[in-house]
Structures are given as structure tokens and as C-alpha cells.
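Please read it alongside the sequence and the structure shown here.

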Amino acid sequence: PTLISLGEKYNKSPAQILGRWCVQHGFVYVPKSVKIERMVENAQVFDFELSEEEMATLDALTTSDAFETFFGLYKKCVNRDTSKDGSMEGVKTDITID
């Protein structure tokens, strides 16, 4: 509901709202898509700005459980996209939050 309502307010998709959240936090925002329309959509995060209150609302969605779920998916994708033998040997899986 939070992403949908913010998307409606700014006429953006939930992905664009999260992309803007990343940009405003100074995170490296590197969306991945093979579809041209999604590439264009992913780049359209610089023509609006989330308020401090909206940023705080989105920040509150990031719980320890959500992070653990993300980390599990991250490891799966890194292994799928990076390793040649199916092992995680030599693959960087540390996530740092400064």
C-alpha cells in the first residue's frame, strides 16, 4: 500500500519510488532489465523528490526480517549470475551499510 500510494501521488511505478529512495539515500542504483520500456522507466527517477516524511516511511519498511529475505535472494542471484561452478567460492556476498 505504501509504494502504491506514493506511486499514485507522483505518477510513478513502485520500482521508480524505490529507485528514487535509493538515489536520495546515496545508494548505488543499478536497475537491471532487458526490456527497453523498463530501461526507460528505471531512468525516470530524477524528475521528482520524496519528502523527508515519505523517506522515513519507506525506511521503516526495512526490517531485520526483510533484510534477511533480501540477503537470501541476493546470494541466490549473485550465485546464478556470477559463479561458473555453482559454488559461492570467491564470490563477494558481504553487504555493507554505511
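In helix H4 (residues 52-59) of this predicted model, the buried residues are Glu 54, Met 55 and Leu 58, where buried means under 20% relative accessible area and exposed over 50%, with a 1.4 Å probe and protein chains only. Seen down the axis of H4, these buried residues fall within an arc of 100°, so they line one face of the helix; the arc is that of the directions from the helix axis to the C-beta atoms. Glu 52 and Glu 53, on the other side of H4, are exposed.

The cover over the buried residues of H4 includes helix H1 (2-10) and helix H2 (14-25). H1 and H2 pack at an angle of about 90°, and their axes lie 8 Å apart. That makes H1 roughly perpendicular to H2, a term for angles of 65 to 115 degrees.

| Helix | Residues in the contact |
|---|---|
| H1 | Leu 3, Leu 6, Gly 7, Tyr 10 |
| H2 | Pro 14, Ile 17, Leu 18 |

By class, the contact of H1 with H2 has 6 nonpolar residues, 1 polar residue and no charged residues, with Gly counted among the polar ones.

The protein as a whole has 5 helices and 0 strands, helices being DSSP runs (H or I) of at least four residues and strands (E) of at least two. Buried residues make up 21% of its 98 residues.

Residues are numbered from 1 along each chain as its sequence is written.

Note on methods. This is a predicted model: local features need pLDDT of at least 70, side-chain atom pairs count only at pLDDT 80 or more; totals for chains, interfaces and linings use all residues. Side-chain values use heavy atoms; hydrogens and water are left out. Contact means heavy atoms within 4.5 Å. Axes are lines fitted to C-alpha atoms, for helices over the stretch in contact, and angles run from 0 to 180 degrees between N-to-C directions. Angles under 35 degrees count as roughly parallel, over 145 as roughly antiparallel, 65 to 115 as roughly perpendicular and the rest as oblique.
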